[in-house]
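Q: I would like to learn how to read a sheet and its strand pairing. Can we work through one case?

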Amino acid sequence: MKVVTVVTGAGAGIGSEICRILLERGETVIGCPRRPGSEKLSALAAAHPDRFHEVLMDVSDDASIERAVADIEGRVDQVDRLFNNAGYYPKNEGSLTALSRDTLGKAFQTNAIGPLKVTAALLPLLRKGNEKRLAQITSLMGSITDNTSGRSYSYRLSKTALNMAVKNLAHELGHEGFIALAIHPGWVQTNMGGSMAPLPLGPASEEVLRIVLDATPDQNGAFLGPGGKVLPF
Ligand SMILES: NC(=O)c1ccc[n+]([C@@H]2O[C@H](COP(=O)([O-])OP(=O)(O)OC[C@H]3O[C@@H](n4cnc5c(N)ncnc54)[C@H](OP(=O)(O)O)[C@@H]3O)[C@@H](O)[C@H]2O)c1
């Protein structure tokens, strides 16, 4: 049976790696980078022309989401899994006085509002899917319980909002068979994570996939990290 996965923020990092792994497993993938020109996605498109579709999507722009979803609707009859992976981490934003309204707004648009709007726009296709996985790639930095060091206001606040969105999605859609998850990938070697991160990209992305694909209905609304560890909201 054809299984279709949509991945946002697919141009680099964990998003592009999830696309690669699923394609190597023989599945169909719609990778949504914000802009064209990702060499990694070009290589995937060349290697898997029938099963990989690149569809541009800026998750902070409703018109872009609408265009992308119309494109996806023309290519597939259903979507089984959505990975809302696109993320924005403002650098140099330590203290309260460094906080700008623009940066805070951009973080919320990308990390919280975007994932909700993408989920809503894809819902008709997701309802036709068999697996019904809604994976929001969040961060432990969005955990209120785990916040022992402060700083990074925009990123923390926006990921906390995303975590709340997961709970709401779980309540609203769980009875339809959806499994909504907040997934913390760990500290991973990507543009965002940097080279000091302990987790290599490949294994960390495999682990994100494993957690989402193995999830059971009783995990609907859970906040999970590497090893499937339940994390505190
Ligand atoms: N790496 C870590 O240690 C770590 C830890 C915890 C959570 N995470 C989360 O993991 C997810 C993936 O991050 P990553 O580590 O793979 O970082 P990354 O390599 O920087 O990838 C982030 C991706 O999101 C895209 N993006 C940003 N804004 C977007 C928008 N408005 N619309 C569409 N795409 C957009 C970026 O595109 P551009 O290249 O065009 O900007 C980039 O491709 C993020 O949600 C992040 O918060 C990462």
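A: Strands here are DSSP runs of E, at least two residues long, and helices are runs of H or I of at least four, both numbered from the N terminus. Two strands count as paired if DSSP finds at least two bridges between them. This is a predicted model, in which local features need pLDDT of at least 70 and side-chain atom pairs count only at pLDDT 80 or more, while totals for chains, interfaces and linings use all residues. Residues are numbered from 1 along each chain as its sequence is written, and side-chain values use heavy atoms, with hydrogens and water left out.

Q: Which residue in strand 5 is the bridge partner of Leu82?

A: Leu134 is the partner of Leu82, and Arg133 is that of Arg81.

Q: What lies on the other pairing of strand 4?

A: Strand 1 (residues 4-8) pairs with strand 4 in the parallel sense over three bridges. Val6 has Leu82 as its bridge partner there.

Q: Are the faces of strand 4 buried or exposed?

A: Buried means under 20% relative accessible area, exposed over 50%, and partly exposed in between (1.4 Å probe, protein chains only). In strand 4 (residues 81-84), Arg81 and Phe83 on one side and Leu82 and Asn84 on the other are all buried.

Q: In what order do the seven strands form the sheet?

A: The order is 3-2-1-4-5-6-7, in an open sheet with parallel pairing. Strand 3 (52-54) and strand 7 (222-224) are the edges, each pairing on one side only.
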